[in-house]
Amino acid sequence: MEKSILITGGAGFIGSHVVRLFVKKYPNYRIVNLDCLTYAGNLENLKDIEGSKNYAFAKVDINDEDLLKEVFNDYQITDVIHLAAESHVDRSITDPLAFVKTNVMGTVNLLNTAKNHWKDLDNHLFYHVSTDEVYGSLDDGGFFLETTPYDPQSPYSSSKAASDHFVRAYANTYGLKTVISNCSNNYGPNQFPEKLIPLCIHNIKQNKPLPVYGKGDNIRDWLFVLDHAIAIDLVFHKGKTGETYNIGGFNEWKNIDIVKLLCEIMDRKLGRDKGASEQLITFVKDRAGHDQRYAIDADKINKELGWKPSLTFEVGIEKTVDWYLENEGWLDGVTSGDYQKYYQQHYS
Ligand code: NAD
Ligand code: DAU
C-alpha cells in the first residue's frame, strides 16, 4: 500500500463522505476509519464500502492512548486526517467538558501518538479538519480570512480553536508536518437530525414544529458536504504543510430563509398545499451566545489549489431533501436509536 491513512470520525456526517471518497478514489491507499461511535457515529453511513479490500474499521476512542498506539502499529499508519469531534454547538452549551475531553484532550493524544510513532516526521502528514467558528462572529460586513484572529465564542468553537492551536504547537515544537482547514456549515446526506437542515426536513415530514432560534436572522454560509470532502482530498494531497485553508460555499443564508425554502421544497415534493409547512415555523428562545454571522472567504484555496464548490445551493438542497425522503429507513433508525445496533450486528 502506498499510504495507510487513519481517518478519525469516519462514521460521522462529514467523515463518512471523506472515507467513501478516499476508499473509492485511491485503491492503492489503506483507509483506516477510527471512530468510537458516539451518538453521532453511524456505520450504516458506510455500508456500501465496508467490504472494500482497502478499508478497515477500528472502534477506538481518540482518548485511549494504548488502543491508538495499537492501531498505529497494526496498520503502520502513514498519515492522519482528523475529523473525530463533538460537533454540536447546543450540546456544548449543556456539557462543555465532553467537548474539552474529545476535541482538546483527544486531539492532543492523537497528535502525541502520531509524533511518537513516526520516526521520520518529514514523511508524514497530520491534517486537522476544523471549523470557521474559531474566528468568532461577524456583523453585516466582511469575511473570515486565514489571517483573521481567533475569537471563539461558544464552548464548541473554543474547543476547536484550542485543538487548532495544539496542532500548530506540535508543528512548531516537534516539527510535525501539519495542515488545517476551517470550513463553513455543511449540509447533505447522513447529517444527524439535530442540525438545522435535517431537523427541519424530519420535522416537516412529521408535521412537527420547526424551532427557529431568536428572530431567525442569524446567517450561515452553507456548503454541500461532498464539496467539503473534495476540498479535503485536495488539501491533503496538494496543500502546503504548516498552512491553513478556509473552505466555504460563497452561499450566505438567514436561518429563517433556509427554513422557509425547505418548507417550499417539501410542500412541492410531498404534494402539500403551497404554504402548508410554513405554518410549522415556531420562533423559540435564542441559543445562548448565538453567533450572528459566519462567512468564509475561500479565495486562497481557490487560487492555490483550484477548488471551488461544484454544486449550486439550489441543486445541493434538492439532492439533500430527496436523499432524506428516499432514505426513510436511515432517519427512522437514527431517531429510534436502532442505528446503534449496526456495529454489534455486523462487526462483532
Ligand atoms: P459528527 O458529529 O457528525 O461526527 C463526529 C464523529 O466523531 C462521529 O462519528 C463520532 O462517533 C466520532 N467521535 C466523537 N468523539 C470521538 C472520540 N472521542 N473518539 C473517536 N471518535 C469520536 O461531526 P461532523 O459534522 O461530521 O464534523 C466532523 C468534523 O468536521 C468535526 O471535527 C467538526 O468540528 C468539523 N466541521 C464540521 C462542520 C459541519 O458543518 N458539520 C463544518 C466545519 C467543520
Ligand atoms: O460553521 C461550521 C459549524 O456549523 C460546524 O463547525 C458545526 O460542527 C456545525 O454543527 C455547524 O454549527 P451551527 O451551530 O451553525 O449549526 P446548526 O445546524 O446547529 O445551526 C445552524 C443555525 O440554525 C444556527 O444559527 C442555529 C440555528 N438553529 C439551529 C437549530 C438546531 C435554529 O434556529 N434552530 C434549531 O433547531
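Predicted model: local features only at pLDDT ≥ 70, side-chain atom pairs only at ≥ 80, totals over all residues.

Trainee: Okay, how many residues surround ligand 1?

Mentor: There are 28 of them, and the closest are I14, D35, S87, Y156 and K160.

Trainee: What kinds of residues are in that shell, by nonpolar, polar and charged?

Mentor: The shell divides into 14 nonpolar, eleven polar and three charged residues.

Trainee: And which helices and strands each supply at least two residues of it?

Mentor: Those are α1 (13-25), β5, α5 and β7 (185-187). The largest share comes from β5, with three residues.

Trainee: Which polar backbone atom is 2.8 Å from an oxygen of ligand 1?

Mentor: That one belongs to I14. Side chains come in too: an N or O atom of the K160 side chain is 2.6 Å from an oxygen atom of ligand 1. For D61, a side-chain N or O atom is 3.0 Å from a nitrogen atom of the ligand.

Trainee: How much of ligand 1 does the protein bury?

Mentor: Taken alone, ligand 1 exposes 840 Å², and the protein buries 96% of that.

Trainee: New topic: where is P149?

Mentor: P149 is in the loop between β5 (125-131) and α5 (155-174).

Trainee: Is P149 buried or exposed?

Mentor: P149 counts as exposed because its relative accessible area is 63%, and the cut-off for exposed is over 50%.

Trainee: How far apart are P149 and T320?

Mentor: In sequence they're 171 residues apart, and in space 34 Å, C-alpha to C-alpha.

Conventions:
Residues numbered from 1 in each chain as written. Chains lettered and ligands numbered in written order. Heavy atoms only, no water. Helix = DSSP H or I, 4+ residues; strand = E, 2+ residues; numbered from the N terminus. Buried < 20%, exposed > 50% of the residue type's maximum accessible area, 1.4 Å probe, protein only. Near = heavy atom within 4 Å. Polar contact = N/O pair within 3.5 Å; in protein donor to acceptor, adjacent residues only side chain to side chain. Areas by Shrake-Rupley, 256 points an atom, 1.4 Å probe, with all protein chains shown as cover. Nonpolar A, V, L, I, M, F, W, Y, C, P; charged D, E, K, R; others polar.
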